[in-house]
Amino acid sequence: MSNDADLPFSRDEYADRLRRMRRAMADADVTVAILTAPDTMAWLTGYRVRWYRQHTSTSMPPAQCIVVHVEEGSPFIIDAGYHEELARTGTVLDDVRTLPTSSEMHEASLADYVAFLADQIRPWAGTRVGMERWSCIPSPAVADVVDAMLEGLGCRIVDVTLPFRGIRRLKSSAEIGKIEQAQAATDAGIRAILAEATPQTTELEAWGIYSLGMVRAGGEPAALHETVAAGATVSALHRLSGRTALGSGPVVHPDMASSVDGYHARATRPLMFDGVPDESRRQVAIAAGAYDLVLQYGKVGAPWGQLIGALRSYFADSGAPGAGSAAYELGLSVAPTDFVGEFTWGMDDERDDVIEAGLVTNFESWTSLILVDTVVFEEAGPRFLSSLPRDVLEFA
């Protein structure tokens, strides 16, 4: 059994999560669920590893899952034999069922895994079984074999991706605390770049400076690789850091995240050497002005459409062609997935729902320059977490 001090949250919080999952299963008329998404397994039990075999040799198929019944007993995990200690000490689960054919010297085959899973599922033959169809794990080849096994047991497969992501959307105070810690670490990493980098520093070296500063401030690497990019446009944020010197472009874009126990926060600011042109200040001031609209219209219980409409009008009148904003849910994410949650909102949305307390998203606001932050929607009003100025930041 795990040492409670090693768990990210209390056992009471995990017990509440199980209750919420079982309610979602009952609402979906699902008898048993087979969890394979890394973030779902971590959210329910604390299970996190560095290797899920998502894209590996065909002789090493994905061979772990967590099985939950809508009413009976406790969830159990199926995993390789050499993961037994990890599963027992790193989760709230007491029931660990290892593949009998796996060991440090032998990998279980796909047939081994599916046959073992079938034995565990057989008591619920003929029922509706929930699977996370939008998970990258298992691979389509493995999923096809699992599906055939379940259909052979007379089971009907139901996609529970949206119900299971939905129960995680609104964060507890303990979860928000993790995100706040991650934000402080993210900010510290960006400040380290500002303090230490020179025009000759390469993008990869700056990424290393960020990583060390972020870790020293209590953060962990993000599920999606962070990047530092030198260039003129924000499209550089979607490429990997390389050997380009930071001084080669007019702007340095550190597109950063960090996590604490898998809970993510985000921050991006434009960085410059040797003074900031007036036009750059003007562009980033337009992007920063959108934050005020979130604070004004992003109140719990208010219609999303009101906030989105205000942002549309603001950017249309801003005099900055192509300017806009968008956001996606932040929370628990585990590699190899990224940190983009299910819930998104942006200027092209037509929504008729209202803002709920406990939602955490990023907030991206851009012109020719971009600002990215983390925002928590709370009863007292929306709260941005980053302590970095909403401006172009200058290197030391």
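**Salt bridges, strands and a cavity in a predicted model**

Arg312 and Glu350 join their side chains in a salt bridge, with N and O 3.2 Å apart. Helices (H or I, at least four residues) and strands (E, at least two) are DSSP runs, numbered from the N terminus. Arg312 is partly exposed, with a relative accessible area of 29%, whereas Glu350 is exposed at 71%. On this scale, buried means under 20% relative accessible area, exposed means over 50%, and partly exposed lies in between (1.4 Å probe, protein chains only).

The model is predicted, so local features need pLDDT of at least 70 and side-chain atom pairs count only at pLDDT 80 or more, while totals for chains, interfaces and linings use all residues. Residues are numbered from 1 along each chain as its sequence is written, and side-chain values use heavy atoms, with hydrogens and water left out.

In total, the structure contains 27 salt bridges. Side chains of opposite charge can pair when their charged atoms come close. Glu13 and Arg17 form a salt bridge with an N to O distance of 3.0 Å. These two residues are about one helical turn apart because they sit 4 residues from each other in helix α1 (residues 11-27). Both Glu13 and Arg17 are buried, and together with Glu175 they make up a network of salt bridges. Asp16 and Arg20 also form a salt bridge, with their closest N and O atoms 3.4 Å apart. They too belong to helix α1, at a spacing of 4 residues or about one turn. Arg20 is buried at 19% relative accessible area, while Asp16, at 30%, is partly exposed.

Turning to the strands, 6 of them build an open sheet with mixed pairing, in the order β4-β3-β2-β1-β5-β6. Two strands pair if DSSP finds at least two bridges between them. At the edges lie β4 (95-98) and β6 (156-159), each pairing on one side only. On average, neighbouring strands of this sheet are turned by 25° against each other, direction ignored. Strand β5 (residues 128-131) runs parallel to β6 and is joined to it by 4 bridges; Gly130, for instance, has Val158 in β6 as its bridge partner.

Strand β8 (residues 251-260) pairs with β9 in the antiparallel sense over 6 bridges. Val260 has Tyr263 of β9 as its bridge partner. The two strands form a hairpin with 2 residues between them, and Asp261 in the turn has a positive phi of about 55°. In strand β9 (residues 263-268), 6 of 6 residues are buried. One side carries Tyr263, Ala265 and Ala267, the other His264, Arg266 and Thr268, and both faces are covered.

A cavity is a set of points, on a 1 Å grid over the protein atoms alone, where a 1.4 Å probe fits but cannot get out; lining residues have an atom within 4 Å of a point. Grid points are joined across faces, edges and corners, and a volume is the space filled by probe spheres set on the points. The largest cavity holds about 60 Å³ of space. Its lining includes Arg17, Asp261 and Tyr263.

Terms used: A salt bridge is a side-chain nitrogen of Lys or Arg within 4 Å of a carboxyl oxygen of Asp or Glu. On a 1 Å grid over the protein atoms alone, a cavity is a set of points where a 1.4 Å probe fits but cannot get out, and a pocket is an open set with protein on both sides within 12 Å along at least five of seven lines; lining residues have an atom within 4 Å of a point. Axes are lines fitted to C-alpha atoms, for helices over the stretch in contact, and angles run from 0 to 180 degrees between N-to-C directions.
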